[in-house]
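Student: Hey, can you walk me through this structure? I'd like to ask things as they come up.
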Amino acid sequence: MNSIDMHVHTSDSPDADIPAWRLVKKGIENNLAGIGFVAHLDLNPEDFCYGSFNAGTYDESITRARIESGGRVSVMKGLEVGEPHIYEEQAKKLVDYSNYDFITGALHSVKGIGMILGSEVYKDGDPFKIVEEYYSETLRMVEVSDIDILAHLGLFRRGLALAGLKYDFNELQLWPETIDNILRVLIERGIALELNTSGLRRKEKVTYPTPAILERFRGLGGTLVTVGSDTHREPHVFFGLERGAALLLKTGFREVNTFLGRVPKAFELT
Ligand SMILES: [Zn+2]
Ligand SMILES: [Zn+2]
């Protein structure tokens, strides 16, 4: 296998605990061709990772990882920015985006509702209303944000599953227009859709986005995709990459992407 994982967290974020250089060693052991590292840049005070990002120490981690790689695996330096449509101005005051290979946009909270990845919000509110709002807010995010990749579209399923609620519905049938608009904006703006495989190891046992949405993206002419495991710690390092690649092939994609200096580079899927 020569796969590429474009969503790998390091001990530079408080919710992850493996140093980048150690992940590089594991990547080489697993025959990975590339690792796209990300650190959380969350500026929402409600977020667990709020205020934790340090550009200097993260840069040192990535430099050490590159040395450790010895060129055997491509090391990319990325950033996962939470709610960039709200916090981008602040983010750019803290971070020079031009020093990064890619910027990933992530929706972890919905305005007026709260954090959507935990179970709390679903216990009080109408779950379907929350999911509808999640997609509307995602549309606003992809329309205006300076991002290269849209992370984990459909992450609310994790919260729904944790709350013991129904999560195996097809949102494409419920909000086809909003979802089509999101996918069209991605295509028009050249933003990659990430196939996040972390849901495969959780109760919901499905990728973010679902195969149905991935298929719709392809049907609309989308070609720019990445695969990411959303690795945070053991025992789920690089989890689900092969299944993700197989799903992409089955859906009609022929390539996956990496980013270098914020420019996509395609690799043939095998
Ligand atoms: Zn995230
Ligand atoms: Zn992440």
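Student: Is the crossing of H1 and H2 left-handed or right-handed?

Tutor: The H1 and H2 crossing is right-handed. A crossing gets that label if the near helix is turned clockwise from the far one by less than a right angle, and left-handed if anticlockwise. Before we go on, this is a predicted model, where local features need pLDDT of at least 70, side-chain atom pairs count only at pLDDT 80 or more, and totals for chains, interfaces and linings use all residues. Residues are numbered from 1 along each chain as its sequence is written, while chains are lettered from A and ligands numbered from 1 in the order in which they are written.

Student: OK, and which residues of H1 and H2 make the contact?

Tutor: On the H1 side you have Ala20, Trp21, Val24 and Lys25, and on the H2 side Ser61, Ile62, Arg64, Ala65, Glu68 and Ser69. Contact means that the C-beta atoms of two residues, placed from the backbone, lie within 7 Å. By class, five of the residues where H1 meets H2 are nonpolar, two polar and three charged. Nonpolar covers Ala, Val, Leu, Ile, Met, Phe, Trp, Tyr, Cys and Pro; charged covers Asp, Glu, Lys and Arg; the others, Gly among them, are polar.

Student: At what angle do H1 and H2 pack?

Tutor: H1 (residues 20-29) and H2 (residues 55-69) pack at about 30 degrees, and their axes are 8 Å apart. That makes the two helices roughly parallel. Angles under 35 degrees count that way, over 145 is roughly antiparallel, 65 to 115 roughly perpendicular, and the rest oblique. The axes are lines fitted to C-alpha atoms, for helices over the stretch in contact, with angles from 0 to 180 degrees between N-to-C directions.

Student: What about H5 and H8, how do they cross?

Tutor: The axes of H5 (residues 127-144) and H8 (residues 176-189) come within 9 Å and cross at roughly 20 degrees. H5 and H8 are therefore roughly parallel to each other. The crossing of this pair is left-handed. Among the residues that meet are Tyr135 and Leu139 of H5, with Ile182 and Val185 of H8. The contact of H5 with H8 divides into seven nonpolar residues, four polar and one charged.

Student: Zooming out, how many helices and strands are in the chain?

Tutor: The chain has 10 helices and 12 strands. Those are DSSP runs numbered from the N terminus: helices are H or I with at least four residues, strands are E with at least two.

Student: New topic: which residues does a cis peptide bond join, with omega about 0 degrees?

Tutor: That bond joins tyrosine 208 and proline 209. Most peptide bonds are trans. Another cis bond runs from glutamate 234 to proline 235, with omega near 5 degrees. Proline 235 is in the loop between strand E10 (225-228) and helix H10 (241-251).

Student: Where's tyrosine 208?

Tutor: Tyrosine 208 is in the loop between strand E9 (192-196) and helix H9 (211-219). It is buried, because 25 other C-beta atoms lie within 10 Å. Leaving out residues up to four places away in sequence, tyrosine 208 touches His152, Leu153, Gly154, Leu155, Arg157, Asn196 and Gly199.

Student: Is lysine 205 buried or exposed?

Tutor: Lysine 205 is exposed, with 12 other C-beta atoms within 10 Å. This lysine also sits in the loop between E9 and H9.

Terms used: A residue is buried if 20 or more other C-beta atoms lie within 10 Å of its own, exposed if 12 or fewer, and partly exposed in between; C-beta atoms are placed from the backbone.
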